[in-house]
Amino acid sequence: MNITPETIWEDVRAIREQAPLVHNITNYVVMNTTANALLALGASPVMAHARAEVEEMAGISSALVINIGTLSDPWISSMNLAAQKADSCNIPIIIDPVGAGATQYRTTTATTFIQAFFPEIIRGNGSEIMALCQDGVATKGVDSTSESSLALDSAKHLNRTTDSVVCITGETDYVVDKTGVIAIKNGHPMMPRVTGLGCTASALCGAFAAVNSRYATAVAHAMAVMGIAGEIAAETAKGPGSLQTGFIDALYCLTRDDIERYFRE
Amino acid sequence: MNITPETIWEDVRAIREQAPLVHNITNYVVMNTTANALLALGASPVMAHARAEVEEMAGISSALVINIGTLSDPWISSMNLAAQKADSCNIPIIIDPVGAGATQYRTTTATTFIQAFFPEIIRGNGSEIMALCQDGVATKGVDSTSESSLALDSAKHLNRTTDSVVCITGETDYVVDKTGVIAIKNGHPMMPRVTGLGCTASALCGAFAAVNSRYATAVAHAMAVMGIAGEIAAETAKGPGSLQTGFIDALYCLTRDDIERYFRE
Amino acid sequence: MNITPETIWEDVRAIREQAPLVHNITNYVVMNTTANALLALGASPVMAHARAEVEEMAGISSALVINIGTLSDPWISSMNLAAQKADSCNIPIIIDPVGAGATQYRTTTATTFIQAFFPEIIRGNGSEIMALCQDGVATKGVDSTSESSLALDSAKHLNRTTDSVVCITGETDYVVDKTGVIAIKNGHPMMPRVTGLGCTASALCGAFAAVNSRYATAVAHAMAVMGIAGEIAAETAKGPGSLQTGFIDALYCLTRDDIERYFRE
């Protein structure tokens, strides 16, 4: 498992050429910014959550992104229907367990979904990933040297039990599959001050997985592109408002040269 | 049916003076940007979807905009209640059939709504308009020379059977009523890379129809203003992020001189 | 009750240091921009509305912000559950009665909520505050000299009957508690042309109340910071689009010097 500016660029070009339809069942907070990020990258976003149409929508899509922020029971029901259809169509499922660990409802919903569908990709921050496998990692006890390494242990455990590619985002992003770990060091410290950039990262995983079935590589590419676009935007941003605007512009304008200049493993 | 910079400007001024209340039952993705576009233009947006209040809200509004993106059954029920009230109050109804043709649920919902309420205005892209009248246009067979002309045939058929003003947006926007077709050539190729600008176009139809009861003219004015604001924004935009910001600024700052300089039939 | 640049700055610094979790049950239109404003200021926003989790979420939060825009029955039920929990945990409740007076549904929902929970803070525009206590102020008859003074009478009446701190926002913002009235004169006339800045003001009240239990002072600080950030943004904004972006940037960058330079009572 290895990524280079060349492999990243190939996927970006494929997304721009194929404009894959990415079906999102996501939270209210980020719907607009997620759709704009997918459009700026070159993908085609669709948001649909009604039981009456999620199967049909998933059936014409190239990836399904499930995000449990602003969750409620009718949405869980639709997420399950859509995921069954995605499974039967062999399109990749990405889950973003927003807020797992914060409430039992979110932890249970995410865990149950993962056990039912073994999604191709799980992306969260360190505490969310840890919340998804407390049992497994609890056996490691309190000897783990840091929260970051504890999250990485959780990710490895989660990958072993589900075979999902697991991505932890933070100052360094980690992508874990059975062959190893890729670390990506792009990004900017102001990015967590923009709401929903984590959700956007999960949505971009959908776009990359739609054009590249080597999912660990696709996720690593998505994280590199997120971070690079954030760094480019940060160069002229005056705060998180202009960072959000510049991030969308940077996704749209991204060139092979940008990737070569900014990419850091 | 004829529009000029002068007639466009009259409606813009009327919106700024009257600040008509436009009631939107619209999708989650675009609520924020739609409200901002209406405010920037000078109208007063309100979003309300609860069965308990949609009739009262429609009853104090000057236009009702129905948008079927992120649809679900409770929302359909509220759309119907609001439309009944709008009909009884003689305020214009605008429907945006987002995603008609993509799922049966959306096609059926849009078609049923149109047959029930004969809305004053229908606005969609080419494939949505075609999805609304496949039977009618199917009789034309495969001889139509292009998708664009097929959409225009569909729009004319839809206008004949419903008496609605039908607007197809795309590189050229077409407004169809029984007296003929207006074509508006404003706009910028980056606009489709901003999510929800089509939905914004429908919302602006609501504002223009609220001050001008010659609905075909009102819709043509709305499309010209959309396109002109997009062109002005594109002059300094670095991508779809800054295009969205600049579009709102341009709506707010729009002058008679801008309209005279940019308007293209 | 007295506020100075020094007391405002102390609260801003406390928010940045403590990053209080602010639980919002708010409307679809403003969720993204509200979350971004809280993040830019230094607080931690969370949006959650499911009956299954609102109590747990309120239980780990430092303030609860209830906003009745885009209301529906399931959301009212969750607002009540969350407020019961907030009461039992002694965290402040802020209510924003969006659209009270526009429909009976909104007026009744806001009034019923206030009578049930006596929220620590009520923030609305003049007509919303008046709609909340028409009986009380009706006894004053038609002799009130202006709408503004009528709203202030309503706010005082509301404060007497509920003991809530009541905030009316407008060209001048008024904060009313039993010890008197604070008037804050910051802000810019373009701010009402950005959707949801009133809702953002209520959310910022949550952040300030989370770090300062003298609630009238906390609210006055929040209104001063809103207005100052708006004025800073307006200096370079070309319209409401760039004003929104610049407002978020200004919240993030706000210094003690800014507050000293711009604050106006």
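1. A residue is called buried under 20% relative accessible area, exposed over 50% and partly exposed in between, with a 1.4 Å probe and protein chains only. By that rule B:His23 is buried, since its relative accessible area is 0%. This residue belongs to strand S1 (residues 21-25) of chain B; helices (H or I, at least four residues) and strands (E, at least two) are DSSP runs, numbered from the N terminus.

2. On the basis of the note: this is a predicted model, in which local features need pLDDT of at least 70 and side-chain atom pairs count only at pLDDT 80 or more, whereas totals for chains, interfaces and linings use all residues. Residues are numbered from 1 along each chain as its sequence is written, chains are lettered from A and ligands numbered from 1 in the order in which they are written, and side-chain values use heavy atoms, with hydrogens and water left out.

3. The surroundings of B:His23 can be listed. Contact means heavy atoms within 4.5 Å. Not counting residues up to four places away in sequence, B:His23 touches B:Val46, B:Ala48, B:Val54, B:Met57, B:Ala58, B:Ser61, B:Ala63, B:Leu64, B:Val65 and B:Ala82. A polar atom of the B:His23 side chain lies 3.5 Å from the backbone nitrogen of B:Ala58.

4. Helix H2 (residues 31-41) of chain B is mostly covered, with 11 of its 11 residues buried. Among them are B:Met31, B:Asn32, B:Thr33, B:Leu38 and B:Leu41. Just after H2(B), B:Gly42 takes a positive phi of about 120°.

5. A nonpolar core is a set of buried Ala, Val, Leu, Ile, Met, Phe, Trp, Tyr and Cys residues joined through side-chain atoms within 4.5 Å. The largest such core has 134 residues, and A:Leu64 and C:Leu64 touch the most other members. Apart from it lies another core, of 57 residues, including C:Ala40, C:Ala63, C:Ala229 and C:Ala233. Residues up to four places away in sequence aside, C:Leu64 touches C:His23, C:Ile25, C:Ala82, C:Ala83, C:Ala86, C:Ile91, C:Pro92, C:Ile93 and C:Ile94. In soluble globular proteins, nonpolar side chains tend to be buried together.

6. The contact of chains A and B takes 24 residues from chain A and 23 residues from chain B. Together these two chains bury about 2,000 Å², 61% of it on carbon and sulfur atoms; buried area is the accessible area (1.4 Å probe) that two parts lose on being put together, summed over both. One salt bridge is counted between chain A and chain B, the term meaning a side-chain nitrogen of Lys or Arg within 4 Å of a carboxyl oxygen of Asp or Glu. B:Arg106 forms a salt bridge with A:Glu53, with the closest N and O atoms 2.9 Å apart.

7. Between chain A and chain B there are 10 residue pairs in polar contact, both residues at pLDDT 80 or more. A polar contact is a pair of N or O atoms within 3.5 Å; within protein, one must be able to donate a hydrogen and the other to accept it, and residues adjacent in sequence count only if both atoms are side-chain atoms. On the side of chain A that touches chain B, the elements giving two or more residues are helix H2 (31-41), helix H3 (51-59) and helix H11 (240-253) of chain A. H2(A) gives the most, with six residues. By class, that side divides into 16 nonpolar, five polar and three charged residues; Ala, Val, Leu, Ile, Met, Phe, Trp, Tyr, Cys and Pro count as nonpolar, Asp, Glu, Lys and Arg as charged, and the others, Gly among them, as polar.

8. For chains C and B, the contact takes 23 residues from chain C and 24 residues from chain B. The area buried is about 2,000 Å², of which carbon and sulfur atoms give 60%. Across this interface the rule finds one salt bridge; B:Glu53 forms a salt bridge with C:Arg106, the closest N and O atoms being 2.9 Å apart. There are also 10 residue pairs in polar contact, both at pLDDT 80 or more. Helix H5 (104-117) and helix H11 (240-253) of chain C each supply at least two residues of the side of chain C that touches chain B, and H11(C) has the largest share, four residues. That side has 10 nonpolar, 10 polar and three charged residues.

9. C:Thr169, in strand S6 (residues 165-169) of chain C, counts as buried at 19% relative accessibility. A polar contact of 2.5 Å joins its side chain to that of C:Arg123.
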